[in-house]
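Welcome! Here is a short tour for anyone meeting this structure for the first time.

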Amino acid sequence: MEELEQGLLMEPWAWLQLAENSLLAKAYITKHGYALLVSDLQQVWHEQVDTSVVSQRAKELNKRLTAPPEAFLCHLDDLLRPLLRDTAHPSEATFSCDRVAETLILRVRSELSGLPFCWNFHCILASPSLVSQHLIRPLMGMSLALQCQVRELATLLQMKDMEIQDYHESGATLSRDRLKTEPFEENSFLEQFMVEKLPEACSIGSGRPFVTNLQSLYVAVTKQEVQVGQKHQDTGDPQTSSSTSPQGTDSHLLNQPEEPVLSAPSFSAPEIEPTGTSGPVPRPQLSKVKRKKPRGLFS
């Protein structure tokens with residue numbers, strides 16, 4: 001399951017509006033299973049399952065459909081991708097969520113090969129270490145990165161001011177007075193920002209600004225976290241932080257995932273060990289009960 005844990009960590013967050021529920025969510029799906037993380041900014045829920053759980057749940061929820069777990073995972077991938085990644089192309093499925101005690105159930109309804117298809121993600125409260133790994137540590141890293149960026153920009157502005165001053169001393173003048181600026185003073189700028197811009201800048205709301213504006217930085221920070229863990233592992237450094245692993249062990253984040261999350265080719269042709277034949281078996285065939293020739297996605 002290490003591939004799922006690491007893949008989920010490097011996924012960006014998406015903002016969802018399901019009825020009256022505003023949620024942040026991220027998912028990672030491979031032919032071996034899936035991992036899902038959901039938050040309403042008050043709590044964080046998580047589900048991670050392998051193919052055995054997928055098979056059992058598929059039998060319970062879709063009695064008229066028979067297929068290997070890889071086929072169901074492929075279909076879930078197709079349904080979640082537009083929801084989490086490609087908002088320009090809405091998903092053909094309908095989504096809803098319910099809270100039962102401390103469990104969040106995300107329900108998916110669609111069609112598959114002409115028959116109704118449904119799926120329920122059963123997300124339990126995430127552990128503190130998982131919340132730290134996906135939110136606290138990345139957000140701290142992002143804050144430090146943005147602070148470093150501000151310092152670099154302040155230094156650049158001061159150098160520009162020195163360049164402009166040199167032009168003035170050489171007799172150069174502005175052709176347009178409206179372009180004139182005052183020399184940059186970092187402390188004054190920061191004080192003014194705190195008074196005038198901070199209230200608006202830190203308006204979190206439902207979390208949508210975080211998803212809209214900062215996900216490229218979030219992904220860069222989480223990838224850096226994984227690379228640092230990989231480097232410590234390669235050099236045999238025992239100081240690899242256990243907080244980079246959702247289970248508190250540094251081995252969970254050290255193997256690169258085999259397949260990208262929610263990518264169309266992920267399950268285009270799952271290779272399964274054949275019985276009595278050589279070579280990979282083609283994409284799993286999905287069939288209705290008592291129906292020999294399926295049609296649609298898996299025909």
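Helices (H or I, at least four residues) and strands (E, at least two) are DSSP runs, numbered from the N terminus. Two strands pair if DSSP finds at least two bridges between them. This is a predicted model, where local features need pLDDT of at least 70, side-chain atom pairs count only at pLDDT 80 or more, and totals for chains, interfaces and linings use all residues. Residues are numbered from 1 along each chain as its sequence is written, and side-chain values use heavy atoms, leaving out hydrogens and water.

Which residue of β7 is the bridge partner of Thr94? That partner is Arg109. Strands β6 (residues 94-100) and β7 (residues 103-112) are antiparallel, with seven bridges. Two residues separate them in a hairpin, and Ala101 in the turn has a positive phi of about 55°.

## A covered helix

In helix α1 (residues 2-9), seven of the eight residues are buried, meaning under 20% relative accessible area with a 1.4 Å probe, protein chains only. Among them are Leu4, Gly7 and Leu9. The buried residues of α1 pack against β2 (21-30), β3 (33-39), β4 (44-50), α4 (128-169) and α7 (208-235), where contact means heavy atoms within 4.5 Å.

## Confidence

The predictor's confidence in each residue, pLDDT, runs from 0 to 100. The protein chain averages 81, and 77% of the residues score at least 70. Over residues 240-284, however, the pLDDT is below 50.

Terms used: Buried < 20%, exposed > 50% of the residue type's maximum accessible area, 1.4 Å probe, protein only.
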